[in-house]
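Hi,

Here is the structure I said I'd pass on. Have a look at it first, and my notes on the aromatics and one of the helices follow below.

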Amino acid sequence: MNTTKKYASTALAAALGVTVLAGCGGSDDTSAGSGASKGSGSKTVTLVTHDSFNASEDVLKQFTEESGYTVELLKSGDAGAALNQEILTKGSPRGDVFFGVDNTLLSRALDNGLFTAYEAKGLARVADGTEQDNQHRVTPVDTGDICVNYDKKYFADKKLAPPKTFEDLLKPAYKNLLVTENAANSSPGLGFLLGTVATQGEDGYEAYWKKLKANGVKVVDGWEQAYNEEFSGSAGGKKAKADRPLVVSYASSPPVEVLYADPQPKEAPTGVSTGTCFRQTEYAGLLNGAKNEAGGKALLDFLISKTFQEDVPLNMFVNPVVTDAKLPEIFTEFGESVEKPATVAPEKIAANREQWVRSWHSLVVK
């Protein structure tokens, strides 16, 4: 899940012996990941993840103190790219645990046999509806809503109301204003596509995208480019002199614009079009063939502990998945609560995802 959590995603390294590696898929990356977990006696557990994983140093230190294991991070690009790397190395994984596969891509991971079943301790505390695999091959870790974000200043200056729904995005007033991510390799992009399937129907989403393309939607590779380079409402976008005041991001993106501003504003500079949201859940799983299976199980237990879950909002800007975790005030004050996000049944995603993406690609990208 690539959200505004990117701002803090490199803050882990240093003091704890927490190593961050950049995974590019070559043989050197494979040896760096799996080689770090040298058998069941290893005191290093390797977490393979997308680039946006982040956690507080004190929280990772607590895991080390409680379990005896040090976490090594192997970051591998956007969620789709990271999953592709694990599929290419299945059976001889680059690490012990994989984090970041979401409900839009879960069936692909399970169908490829990436994970070993393990029922994490504390699983009974996760919110209803977040578990999607009764074999416990994956553990739910967080939830978030993929939504269109808007630049408040742009719309105020233009005296134009921001869009509220998917249908609004087709109006001439919003021509050439929206940037989204490629649904073929970006989880926010895919989530937005699924949101259009959910709201427009399987028989109507193609016609919707034809109209959206005619209305000037711009497609870029991933969230980082869309949010920090193309979106005029973000801090990065302002520096880049971006000219798109609408972007596909998350309902929880506005708090980060407040948190990292100096001085902090009284109001978030960005808003959320709550009628454009799709609910996303992220999972972690013990990789099949993991060198440090014991360490991997301990890490999965920790990922749904109250300690880690309460650390999630301000580090990854998503919602904790356990029901007893409290949200920080800045998150509740400046984030958006989406009461009725669009959803698509997991079995329908599994059966149709590839077809929907191919159709979308031929209509919008080619």
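Phe155 is buried, with a relative accessible area of 3%. Bear in mind that this is a predicted model. Tyr154 comes out as partly exposed, at 24% relative accessibility, because the cut-off for buried is under 20%.

On the rings: there are 15 aromatic pairs in the structure. Over 60 degrees is what counts as edge-to-face here. There is also an aromatic cluster made up of Phe53, Phe63, Phe99, Phe302 and Phe308.

Now the helix. H7 covers residues 205–214, and its buried residues are Tyr205, Tyr208, Trp209 and Leu212. Looking down the axis of H7, these fall within an arc of 95°, so they line one face of the helix. Lys210, Lys211 and Ala214 are exposed on the other side of H7.

So what covers the buried residues of H7? Among the elements doing that are strand S7 (178–181), helix H6 (187–200) and helix H14 (346–364). One backbone detail to finish: just after H7, Gly216 has a positive phi of about 90°.

Cheers

Conventions: Residues are numbered from 1 along each chain as its sequence is written. This is a predicted model: local features need pLDDT of at least 70, side-chain atom pairs count only at pLDDT 80 or more; totals for chains, interfaces and linings use all residues. Side-chain values use heavy atoms; hydrogens and water are left out. Rings of Phe, Tyr and Trp (its six-membered ring) pair if their centres lie within 6.5 Å; planes under 30 degrees apart count as stacked, over 60 as edge-to-face and the rest as tilted. Buried means under 20% relative accessible area, exposed over 50%, partly exposed in between (1.4 Å probe, protein chains only). Helices (H or I, at least four residues) and strands (E, at least two) are DSSP runs, numbered from the N terminus. The arc is that of the directions from the helix axis to the C-beta atoms. Contact means heavy atoms within 4.5 Å.
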